[in-house]
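Thanks for coming. Please look at the structure first.

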Amino acid sequence: TWKGAPQISTSSGWSFKPRGRLQYDAGTVNAPGSIVDNGLGFQSEIRRARLGVQGDIPGGFGYKFEVDVADNEVVVTDAVLTYKDGAAKFTVGQHNNFQSFEELTSSLHISFLERAAFTDAFGFQRRVGVSGEYKSGDFLAQGGVFTSNFDDLSSDEANAIGLDGRVVFMPKTGDTQWHLGGSVHWRDMNDQSGAMRYRQRPAIHTTDTRFINTGNFTVTRETSYGLEAAVLSGPLHVAGEAHWLKATRPGGLANPTFFGGYVEAGYFFTKGDSRGYKSGKFDRVKPNAAVGDGGAGALQANVRFDYLDLSDAGIIGGTQNAYQASLIWTPADYVRFMLNYSHIEYDNAAVSAASGNNYTVDVFGARAQVDF
Amino acid sequence: TWKGAPQISTSSGWSFKPRGRLQYDAGTVNAPGSIVDNGLGFQSEIRRARLGVQGDIPGGFGYKFEVDVADNEVVVTDAVLTYKDGAAKFTVGQHNNFQSFEELTSSLHISFLERAAFTDAFGFQRRVGVSGEYKSGDFLAQGGVFTSNFDDLSSDEANAIGLDGRVVFMPKTGDTQWHLGGSVHWRDMNDQSGAMRYRQRPAIHTTDTRFINTGNFTVTRETSYGLEAAVLSGPLHVAGEAHWLKATRPGGLANPTFFGGYVEAGYFFTKGDSRGYKSGKFDRVKPNAAVGDGGAGALQANVRFDYLDLSDAGIIGGTQNAYQASLIWTPADYVRFMLNYSHIEYDNAAVSAASGNNYTVDVFGARAQVDF
Amino acid sequence: TWKGAPQISTSSGWSFKPRGRLQYDAGTVNAPGSIVDNGLGFQSEIRRARLGVQGDIPGGFGYKFEVDVADNEVVVTDAVLTYKDGAAKFTVGQHNNFQSFEELTSSLHISFLERAAFTDAFGFQRRVGVSGEYKSGDFLAQGGVFTSNFDDLSSDEANAIGLDGRVVFMPKTGDTQWHLGGSVHWRDMNDQSGAMRYRQRPAIHTTDTRFINTGNFTVTRETSYGLEAAVLSGPLHVAGEAHWLKATRPGGLANPTFFGGYVEAGYFFTKGDSRGYKSGKFDRVKPNAAVGDGGAGALQANVRFDYLDLSDAGIIGGTQNAYQASLIWTPADYVRFMLNYSHIEYDNAAVSAASGNNYTVDVFGARAQVDF
């Protein structure tokens, strides 16, 4: 069978498939002219450049291993050994810890160039751990214990530990897919207590400037809660999330709770096309009439409001109200082109302009994407 | 054919196979409480994360190329061009330089989480070079000339050069496989003479603390000798090695000779299982009744005494007497889980405790492993 | 089909192929004894160690993605998404920007260990951009707009931009292949104006010493022109190039124009062998009688004069007159061994010897190469 790349398998239960992706971004970030920063204006970059493999081993075992070299250094993404037995699945290794609907959705299938602001701001990332998943009918439960990210674990002092859980209810009524979910997270920094910061780029990754940023402060523990909801019906989808993160500080200091969330809606102009959905995540768009079949591919437009508040309990990281629109053309399976516009209003921004710390930033971005 | 991953071949002599491995470790290192070190206690890490390829080219040529990204940076392991003609085989590129039975045995097939202490302490590693191998019946001879490791060669001042040789006699009497071997090594540091140190972790790789460590001293030349012996009979195996390394110092300083060695024995509780052996190395365990076939996989227990003495001729690096036990479960081909316990007695340890430099350290470790 | 590695394809237009290469170099650089530099003398290194994939997607889309780990760090080489429609081809991603015949020819197929001196000295490298190519009969036109290299783009301040174009006329008269080409290049450094230097190693990559080197000076813009010519007829080939690069300096400083070029000729001693040529580049040598077929492979000798002048308008980088010879044995498809000798005369060299800055350097090098 072919899934972007060939999946080679045997009747006895072995399988093997190479996998990878390339995402190229170019864009402009227009901030108030009084902010002097060569990292603003026009930029381009390789957003993701991944190569990996996945396979199955008779008896229910499997593996997935992928690396990203987009910054000309190796970063391991998924690297897991799995075991499936009926409705239960166990995973050991580096993988996502069930943080949010959009974070768990592959970057190949999201609606905008970047995920909602809170997903990076709250430090969601893959971590090494052991997890279990149980899926029965319309119900999915996931939970695990995690240490740190590959990169952090190269230090022998990294012994932070966390617990993460998520439940999803995903019934189908007629052709309409519903998604309702919630997640909880707890993480103790242990010996790595210390400087943490919560921050986010302005809806594009080409710049390293963060207009919203708490700066460093000492955090000993993180507790967070998330709610997820979505509905997919034919060419239309609506989705939204809300997430609260409490950062516990040492020595009786007040503990800030930050909040982020978004609401988005999307529509396909091309007949018969719709967003994919599978097991609690958005999935691949497969054009009804691809360019290779004489069609025009799939064309989708999306709008989103993306909110993030990083100011609380004496920490002033700023607040973001972002209004976004995107246009996505999928000419063929596994190929995608995106245009993305964001108008972002910052209050108490971490970067000062001549007019103060309340201003707007406009961001235009484009992406070419291929995966296999 | 399938060897963890598909091996694609043609009747004209071409072949190609992807390859790789993942090893996840977690463990605790319990040293005297007076030693303050965040690198002790509980830790987890990705021990190895490798991806590579191997292939054959008509006319006797072949290649193997694998990289490890376990520390979120790329380290090249094997990267060779080979030529085979009958009993002779020639290799150019980075490969192991015939140092020790256990060092040459793949990390996928060793009996404990880590190899015997002397193998790292004496600096065994893959190096770039040219070697030849001749195998006839029960006899194997290997020899080569090597420069330095990939990593060191990125400096244009690296011009150390070494000669390495090994002979193995490996007769079979009935179902019993015997292994007797010896190796010699010589290496001139040339322009890279200078700070060398000999040291070793406490039987687990998650910590970077070395209780046994000579510290830096100037070495101009290394000469070493090794002896190897093993016997495999049904579910049982016994193996041992001894290795002497002389570090030559400049200007008439006394030259220390360090010594390390181990004796181990192992037994399979599951019927019909035994350790693999092939061409002078331990090989893969293939469970007689894998989980996918309705069996329980292969279960093996091992014990080992692992000695290392890094104190001689005025250099005081410490002495280690380690008593180790391991339990290995191989539920299916290419999947393995390990538990490992070590009780280590240090004399003249390089790290001082309140009670002095003679103390014991207890180490518990676990590993999940998959390869293809 | 098999092209070093298997190319797996479907009748519907999907294809996938792994790819890679290994090149091991050893050599000696003999400079005047009065130059004290541990980076001279004998050295060895991994010149290139690459692993990648390429594939086709129905509808005319395709991709290629390859990384090099030769210095034990990841460097992305080609990473592109392509679209073909008849005679036109469009490419987005990191790829070569049409600088020179020899630069565009794969390192697998060049006549000497290293390309002509001007190709590195003038900073030719792959860059991220968008390009188009049109090929009709004997005529090829290429052009694109490029930002920077993967590595440079990891800084968000990188916003240099360039335009590159090349035309090739490549008629065939009888069995004789002709190649005539020209290229133009323009690049504005934008915010990255600043320290640039033009320099080159002495015909081998194992050393990091550059005897010819302008040192750093501020450059705001580069403009360059190249001419290319070649003829291939049976066992014989002759090729040559000339390239002029003007570095524009700020504030009315004089703008130097550097010049480099080479003429080479090669001959195959083995019957029926010849150099490959395809679409404006040299291509693979496929031995007429490979070792695996009972033959001796292909044996080729080459000579070259390689000139580079990095002194102009007050910048004194030195001048090189290099006389080179190489012997290339291709025992089988995808395997190659090379010997290379260079006698290099430097005037106004950047490294001072006791006798001054005019002297000669002799370089001997060898390479083992395999690709797939």
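Start with Val263(A), which sits in strand S20 of chain A; strands here (E, at least two residues) and helices (H or I, at least four) are DSSP runs numbered from the N terminus. Before going on, note that this is a predicted model, where local features need pLDDT of at least 70, side-chain atom pairs count only at pLDDT 80 or more, and totals for chains, interfaces and linings use all residues. Residues are numbered from 1 along each chain as its sequence is written, chains are lettered from A and ligands numbered from 1 in the order in which they are written, and side-chain values use heavy atoms, leaving out hydrogens and water.

Val263(A) belongs to a nonpolar surface patch of about 810 Å², together with Leu236(A), Val238(A), Tyr267(A), Phe269(A), Leu327(A), Leu339(A), Tyr341(A) and Phe364(A). Strands S19 (236–248), S20 (257–268) and S25 (335–347) of chain A each give two or more residues to that patch. A patch residue has over 30% relative accessible area and no salt bridge, with nonpolar side chains (Val, Leu, Ile, Met, Phe, Trp, Tyr) joined within 5 Å and like charges within 9 Å. Accessible areas are Shrake-Rupley with a 1.4 Å probe, and for residues only the protein chains shown count as cover.

Now the interface of chains A and C. How much area do the two chains bury between them? The figure is about 3,100 Å², with 73% of it on carbon and sulfur atoms; buried area is the accessible area (1.4 Å probe) lost on putting two parts together, summed over both. On the chain A side, Trp2(A), Tyr24(A) and Asn72(A) lose the most, together 23% of what that side buries. The contact, meaning heavy atoms within 4.5 Å, takes 41 residues from chain A and 37 from chain C.

Across this interface there are six residue pairs in polar contact, both at pLDDT 80 or more. That term needs a pair of N or O atoms within 3.5 Å; within protein, one must be able to donate a hydrogen and the other to accept it, and residues adjacent in sequence count only if both atoms are side-chain atoms. Strands supplying at least two residues to the chain A side include S2 (5–6), S4 (15–30) and S5 (41–57), and S5(A) gives the most, eight residues.

Salt bridges between chain A and chain C number zero; the rule is a side-chain nitrogen of Lys or Arg within 4 Å of a carboxyl oxygen of Asp or Glu.

Chains C and B next. They bury about 3,100 Å², 73% of it from carbon and sulfur atoms, through 41 residues of chain C and 36 of chain B. Trp2(C), Tyr24(C) and Asn72(C) supply 23% of what chain C buries there, more than any other three residues. The salt bridge count is zero, and six residue pairs are in polar contact.

Over all chains, though, the structure holds 39 salt bridges. One of them joins the side chains of Glu114(A) and Arg47(A), at 2.7 Å, N to O. Glu114(A) is in the loop between helix H1 (101–104) and helix H2 (117–121) of chain A, and Arg47(A) is in strand S5 of chain A, so the pair ties together parts 67 residues apart in sequence.
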